[in-house]
Amino acid sequence: MALFEEEMDTSPMVSSLLSSLANYSNLPTGSKEHEEAENNEEGARPSKKPVKAPQLGTLMGVYLPCIQNIFGVILFLRMTWMVGVGGVFGSFIIVFMCCSTTMLTAISMSAIATNGVVPAGGSYYMISRSLGPEFGGAVGICFYLGTTFAGAMYILGCIEILLIYIIPQAAIFKIEGLEGQEAELALLNNMRVYGTIVLSFMVLVVFVGVRYVNKLALVFLACVILSIVAVYAGVIKTAIDPPVFPVCVLGNRTLLSKGYDVCAKVVEIDNETVTTKLWRTFCDSETLNATCDEYFTNNNVTEIQGIPGVSSGILAENLFGNYLEKGMFLEKRGLASVVNTDNPPTSTNRYVLADITSFFTLLVGIYFPSVTGIMAGSNRSGDLRDAQKSIPIGTIAAITTTSIVYMSTVVLFGACIEGVVLRDKFGEGVNGNLVIGTLAWPSPWVIVFGSFFSTCGAGLQSLTGAPRLLQAISRDGIIPFLRVFGHGKANGEPTWALLLTACICEIGIIIASLDAVAPILSMFFLMCYMFVNLACALQTLLRTPNWRPRFKFYHWALSFLGMSLCLSLMFICSWYYAIIAMGIATCIYKYIEFCGAEKEWGDGIRGISLSAARFALMRLEEGPPHTKNWRPQILVLVSVDEEQNVEQPRLLSLANQLKAGKGLTIVGTSVQGTFLDNYTEAQRADQSLRKLMETEKVKGFSQVVISSNLRDGTSHLIQVGGLGGLKHNTVLVSWPRNWKQPEYHQQFRNFIEMVRETTVASLALLVPKNISSYPSNGERFTEGHIDVWWIVHDGGMLMLLPFLLRQHKVWRKCKMRIFTVAQMDDNSIQMKKDLITFLYHLRIEAAVEVVEMHDGDISAYTYEKTLVMEQRSQILKQMHLTKNEKEREIQSITDSSRGSIRRKNPSASRSRHSVDEAASVAEQPEDEVQLIHSKNASAPTSPTSPTSPTSGAATWTDNTGAEKGKTPLAANPEAGKDLFNMKPEWENLSQVDVRRMHTAMRLNEIIIKKSKEAKLVLLNMPGPPKNRMGNENYMEFLEVLTEGLNRVLLVRGGGREVITIYS
């Protein structure tokens, strides 16, 4: 292996890699990180006991736990009522829909569970690692709430069995003698009191010894299986010898069994007619001539068989539904009934009444919890010998078994039991027996006690599993405010999570109605199952390389069908509960997105984001955006110091304030050096950029390039920033500080080159001057103005930028003012009207002012200012010339001086001067040609300069004034000598430069006069000289133009319209 010696440090040998995989820990990622953190905090601990290898197989580890969790309280307490109300046909559809949903979910879950090792954590782990922390957290909380409310539902079922079927005398709030609303309220209060007591006891059991709960699980499972076997045995017995369960019916109305002793009005005893208890119930005395209830008088009493048997043909009668309003009588089909519609019914407390209004969607919501529990196997994934084999087989087998049981019981109940008995929810017509118990063999008590213990066991299991699920979510750290629930006892038991679970469970207990709690937990489970299907479908469609499940019998269409069924069932059960559940999940999702810990789990949402981004980028390539869709996509160019810290952090503040357009932001910088030597510095610079972007709340991307010099690095950023159609269209760069000092010469040359490059690339350019004085994101202007000096049309950038700035809270209180400049030939009044109309169509509110700037005489001070500029230019140029170039430059300037004469006719002088300059240009290298503009050529680059100055425009008439206006440099000829020992004169100055200086000074005077107190001044940025020999002059012009202003934003358009008046 000598060939790979140098890579041993970073790349392990295959032998050691396989060894680490073989010793893989089944702890979930969050738990593992948590334990490592605890070890680091508490130091070395005593050596732990060796962990036993998981030994559970498919039967004990997955199949039986799923069976126990799926079969539950609904099967024993509500299934017969559902068949009676919904009919065999309707109930079969409900069962088929719900079982199909869980089967499709199990297929999707099996695909996810077999796509790699599933650590302990089960369903939450699978969903969060497949859909990301946001969806994982939201669905995890929904699953936790569903499990918690399931615990409440099991406890309520347990209390219902206890108080109605086992010990009715234990009721604290007596129901005897009460009717209607009062009786219902008394029952609910009993449920609340006993439910709270049982919940407290169960929480104590879980807290003290959860191991006993797990050991008793098999006992509870045996109770469930024994009860179901007893039901099937009873069905078989009805075919041979139907049990005697008489039901008394008056007319066609079912009577309460406690209201009679004999199902007759009178009986013959020793040839004497004697009234029965039933007579006394409906009549005012025991005598035969007593006044009785009208309905009792008009209708006969009939005794029917409650369980006619499977061969009786009762199935045809129970085939279709019989939905009831609350308070309606349970009526036997096919029996005659005489009803006086004019008189309201009396003595309603003698009959069996419907306790709630029933309809198809209600039945779906109540029934669905009886098919939940399919995640029990995956939740035990850490204890399985081979989770990838056991989870699919065990879960699908359990769902198949339970589905067969449910579908068969729907048909068998309808075929064996009389309809009025089926609709009798609490068995009030059959001596208070549990209806499914009346069918059981050998005794109804088998079902009563079996269902009681199974509901107790299921409640304990829920109170055991829910806190652990919450603890897993808390330890993952994705929801900050839940972190406290990740802690527990020394042995890892989730104490705080158990306490919260008990509090939430108490909410379900306070609701007190099993029928009201069931749809709530249906919502949460359905949402969880929906996202399991979504995870599988996404992974399949995205075809991520890591998606290689061992379970092959899945398809994205099945997953989408399962997801659609889940969503449909949510709204079928209860549309308002569905909206509330989705609202809770959405709130948790957004909370994790904004406040949660960032986790990279290689999830499917990341994959779909990549696919969506690729699709969107391909669409953007189809063409440039319409003017209405234009927004500043900003490339912020910053510089970093030797420690790789950003030197102009306020640039990012300004970028953030401009992001009301919600466009792209790229923050870029360049590091000098080579990629191999300076990669570490580039990484540090990138981290510095990201940290500053986070501080300034700039949403975008950072980009660092390494180049041999900073000039090329900036050029590379401008050229290659962005991707496809999502590229920057605006460059934001700070004005070069101290550019006049010799050590910063290269900096301003780079700046001007960058201006040229943005012009060539048709990019807009924003240059804030005095960037350190710009406001941070935390500051607020309570008043003030943003002044726009609109001199040349730049596509509307000057109009759009103040509008975007005023969307930010920093600039929101500032008012916008627009100034434009009128020259001699312009109609300023008409200009103002046109500008107001234009702003009205743009829907921009701003004050408008037209400033008249006439071409006055050029003052001596202007000449002096230009002279100083030229001298500085010569000195700067000299510092960068070789010896031969110096001699040639001296000769060129000397020849120009000799050929000059004092100007009498300005226009003729300019013409001769241009010829001399042209001769001088011919002798210079091409890349050092001095900027020489004719009068016409200057118009595009300096639109503000007068196109045809008058003959007197360049003269000065007062020599005294000229002397006064001279600078000390001009007044003292010796001081004006440069390195070449030459003496430039005003007449030798380029008249183009003089006129530019004149314009810059005049504009500066006007801007200071009007906008001295403005919070921000936006100004057209003149174009750079086409020839590099005029760089110093260009910087001087801009310096003069912005002199004396605090905050100036120089704006240069990108050559296209960015704002439109059209909708």
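A: Let us begin with pairing: two strands pair if DSSP finds at least two bridges between them. Helices (H or I, at least four residues) and strands (E, at least two) are DSSP runs, numbered from the N terminus. This is a predicted model, in which local features need pLDDT of at least 70 and side-chain atom pairs count only at pLDDT 80 or more, while totals for chains, interfaces and linings use all residues. Residues are numbered from 1 along each chain as its sequence is written, and side-chain values use heavy atoms, with hydrogens and water left out.

Q: Which residue is the bridge partner of L635 in β7?
A: The partner of L635 is I666. Strand β6 (residues 634–637) and strand β7 (residues 665–672) are joined by four bridges in the parallel sense.

Q: And what is the order of the strands in the open sheet of 10 strands?
A: The order is β8-β7-β6-β9-β10-β15-β14-β11-β12-β13, and the pairing is mixed. Because β8 (701–707) and β13 (847–852) each have a single partner strand, they stand at the edges, and one side of each is left without a neighbour in the sheet. From one strand to the next, the twist averages 20°. Angles run from 0 to 180 degrees between N-to-C directions, and axes are lines fitted to C-alpha atoms, for helices over the stretch in contact.

Q: Which strands does helix α24 touch as it packs on the sheet?
A: Helix α24 (residues 710–720) touches β6, β7 and β8, and its direction makes about 155° with that of β7. Contact here means heavy atoms within 4.5 Å.

Q: Changing topic: at what angle do helices α8 and α16 pack?
A: Helix α8 (residues 210–240) and helix α16 (residues 444–476) pack at about 145°, and their axes are 8 Å apart. Their contact involves, among others, F220 and L226 of α8 and F453 and L460 of α16.

Q: How do the residues of that contact divide into nonpolar, polar and charged?
A: There are 13 nonpolar, seven polar and one charged in the contact of α8 with α16. Ala, Val, Leu, Ile, Met, Phe, Trp, Tyr, Cys and Pro count as nonpolar, Asp, Glu, Lys and Arg as charged, and the others, Gly among them, as polar.

Q: Is V85 buried or exposed?
A: V85 counts as buried because its relative accessibility is 0%. Buried means under 20% relative accessible area, exposed over 50%, and partly exposed in between (1.4 Å probe, protein chains only). V85 belongs to helix α5 (residues 79–113).

Q: What does V85 touch, leaving out residues up to four places away in sequence?
A: V85 touches G321, N322, Y323, S358, L363 and R423. V85 and K425 are 340 residues apart in sequence, and their C-alpha atoms are 9.9 Å apart in space.

Q: What about C503: why does C503 count as partly exposed?
A: C503 counts as partly exposed because its relative accessibility is 48%. C503 is found in helix α17 (residues 495–511).

Q: Finally, which residues touch the most other members of the largest nonpolar core?
A: They are M153, Y367, Y406 and F413, in a core of 164 residues. A nonpolar core is a set of buried Ala, Val, Leu, Ile, Met, Phe, Trp, Tyr and Cys residues joined through side-chain atoms within 4.5 Å. Helix α6 (residues 122–166) gives the most to this core, with 26 residues.
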